[in-house]
2 protein chains.
Amino acid sequence: MIGLAALKAITFDVFGTVVDWRTGIAGEVETLAAEKKFVVDGELFADAWRGLYQPSMTRVRDGEIAWTVLDDLHRMNLLQVLETFEVDQLSDDEIEHLNRAWHRLDPWPDAIAGLQRLKQRYIVAALSNGNVSLILNMAKLTGLPWDMVLGAEIAGHYKPQPEAYLRSAEILGLEPEECMLVAAHNGDLVAAARCGFQTDFVPRECEYGPGQTTDLVAENDYDLVAGDFIELSQMLGC
Amino acid sequence: MIGLAALKAITFDVFGTVVDWRTGIAGEVETLAAEKKFVVDGELFADAWRGLYQPSMTRVRDGEIAWTVLDDLHRMNLLQVLETFEVDQLSDDEIEHLNRAWHRLDPWPDAIAGLQRLKQRYIVAALSNGNVSLILNMAKLTGLPWDMVLGAEIAGHYKPQPEAYLRSAEILGLEPEECMLVAAHNGDLVAAARCGFQTDFVPRECEYGPGQTTDLVAENDYDLVAGDFIELSQMLGC
C-alpha cells in the first residue's frame, strides 16, 4: 500500500462517472423525433445504443476488427439501433449529428466543481474509452477542466485491457501507484487496481435510470469510496 | 485558403515560443553551481545543452536510435555537456533534478493571459517535441491552461516530420486546415503549412539571447504574424 501521500494524478472514467449519458442521449433522440415526426422512447433508445457499447469494443479487444475509435463504433451501433427502432427518416447529416450527441453530454452536478478543486493539487485527466476529440469537445462545451485527455485512443487499447491504464501512467511519467482511477464501475476499478492504480468508487445510482441494479455499491476494497467528486476533493484535502 | 473562419484548434510550439528556456536553464545551472562550488557560465551551458537538441532528435528521426522521449534525450545530452564543461561534482539525483529543469521553465509574460483568452473560443493544445509529462508538469507549475497536450510523444514522431502535425490534427478530430500552429520558428511553421495547418509567427527575439540572428522575422507568407499571444487573441477576436 503506497497510500494517498504518493498520489500525483487522478484519472477519471467519463461515461457514467463524469457525465450522464442516458439523460443526454434520450433528450437528443426525443428532440430529433419531434422534429422528424417519428415516435420513440428516448430512454429505451439510449439503453439500446449503450447496450451495444461493450460488445463493439470486445470486437476490437479480440482483434476481430482493427483499431476503431469510439465515434466510429458508436456510428456502427447507431445504424443498428435505428434499424431496430424502425427509424428511417434520417439523412446522413442527421445521423452524424445524432452520433455526436456523445460529445454533448452534461456532467453530473458535482463534477465540474469537484474537478476544479482536485486540479489545484493534482493532475486531473480523462481516462476514457471515448476518443480524444469526443472528450475534448465535451470538455469545451461544458467546462470540464481536464489537464489532459488520456485513455483508449492514446493507449491504442480499450479498458479494461491493462495497456489502457499502464500506458496512461507511463505518458504521465508516473508509476501506476502514483495514479488513481475514479469510476462508478466496479469492473473498471478492479482492472485499474490490478495494474497498480489507486482506486476511488463514486456511485452513480441512476446512471442506468431509476431501476439500476448494478454498480450501486463498492463491491471491493478500494482506496477510497466518495459520494461524489466534491466529497472526493474533501477527502484529499483539496 | 480556408481562412480563419474555419479555425477550431490553436496548437503551440512550446520551447522558445511559450517558455523562455534559456533564462530558465541558465538560472538553474548557476544556482546549482553556487551550491556545489563549481564555476560555469549558465547561458553558455544552456546554449550548449540546447545545441544538442536537434542533433539528438535527428538520430531518432533517421532511425539511428529507437523512439526516445525528450526527457531521455535531454539526459544523454546533459551528460555530454557536463563533460564538456568539466562538471563532475553532481550525484545521479542532482543530474536528474537538473534534467527536469525543462519541466520548470517560465512562460514569456504574455503567454498565460493570451492562452486564457484564446481558450474561450478555441481548443488550445501544446504541439511540442517535449514529452507529455514534461509539458504537463510545466503547465501545472506555471498555470499554462492547455486543453490538451499533443505532439511528438503522442504522434511517435518528432517535428518537423509531417506525422507530428497530421496525427495531432487527426486526434483532435479535425482537418489540418482547421488547426493553426503558433511558433517562433520559421522551420516549424513551414513544415506545418506543408501539412495544411494554418500558421502564425510570433517573434521571440531574445530566445537565444541578445545576439540572436535567426527567426527574428517572419520569413514566409504565414496566415498571421502576431507580436505576442495577446495580440494573436485580439486578431482572432477573443
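**Domains, sheet and chain contact in a predicted model**

In this predicted model, the centres of domain 1 of chain A and domain 2 of chain A, taken over C-alpha atoms, are separated by 23 Å.

Me: Which residues make up domain 2 of chain A in the domain assignment?
Reply: The assignment gives domain 1 of chain A in two stretches, 4-20 and 105-235. The remaining entry of the assignment, domain 2 of chain A, is 21-104.

Me: Which element gives the most to the side of domain 1 of chain A that touches domain 2 of chain A?
Reply: The contact between the domains takes 20 residues from domain 1 of chain A and 15 residues from domain 2 of chain A. By class, the side belonging to domain 1 has eight nonpolar, eight polar and four charged residues. With four residues, the element that gives the most to this side is H7(A).

Me: Which strands of the six-stranded open sheet of chain A stand at the edges?
Reply: The pairing in this sheet is parallel, and the strand order in chain A is S3-S2-S1-S4-S5-S6. An edge strand here has a single partner strand, so one side of it is left without a neighbour in the sheet. The strands of chain A that stand in this position are S3 and S6 (224-225).

Me: What is the bridge partner of A:Ile10 in S4(A)?
Reply: Strand S1 (residues 9-12) of chain A pairs in the parallel sense with strand S4 (residues 179-183) of chain A, over four bridges. Within S4(A), the residue bridged to A:Ile10 is A:Met180.

Me: What angle does the direction of helix H10 of chain A make with that of S4(A)?
Reply: Helix H10 (residues 186-194) of chain A packs on the sheet, where H10 touches S4 and strand S5 (198-201) of chain A. The direction of H10 makes with that of S4(A) an angle of about 170°.

Me: How many residues does H7(A) give to the side of chain A that touches chain B?
Reply: The contact takes 14 residues from chain A and 14 residues from chain B. On the side of chain A, the elements that give two or more residues are helix H7 (132-142), strand S3 (148-151) and helix H8 (152-155). That side divides into nine nonpolar, two polar and three charged residues. The largest share of it comes from H7(A), with five residues.

Me: What radius of gyration does chain A have?
Reply: The C-alpha atoms of chain A fill a box of roughly 55 × 35 × 30 Å along the principal axes. A compact globule with 238 residues would have a radius of gyration near 18 Å, and the value for chain A agrees, at 18 Å.

Conventions. Residues numbered from 1 in each chain as written. Chains lettered and ligands numbered in written order. Predicted model: local features only at pLDDT ≥ 70, side-chain atom pairs only at ≥ 80, totals over all residues. Contact = placed C-beta atoms within 7 Å. Nonpolar A, V, L, I, M, F, W, Y, C, P; charged D, E, K, R; others polar. Pairing = 2+ DSSP bridges. Axes fitted to C-alpha atoms, helices over the stretch in contact; angles between N-to-C directions. Domains from an automatic or database assignment. Rg over C-alpha atoms; globule rule 2.2 N^0.38 Å.
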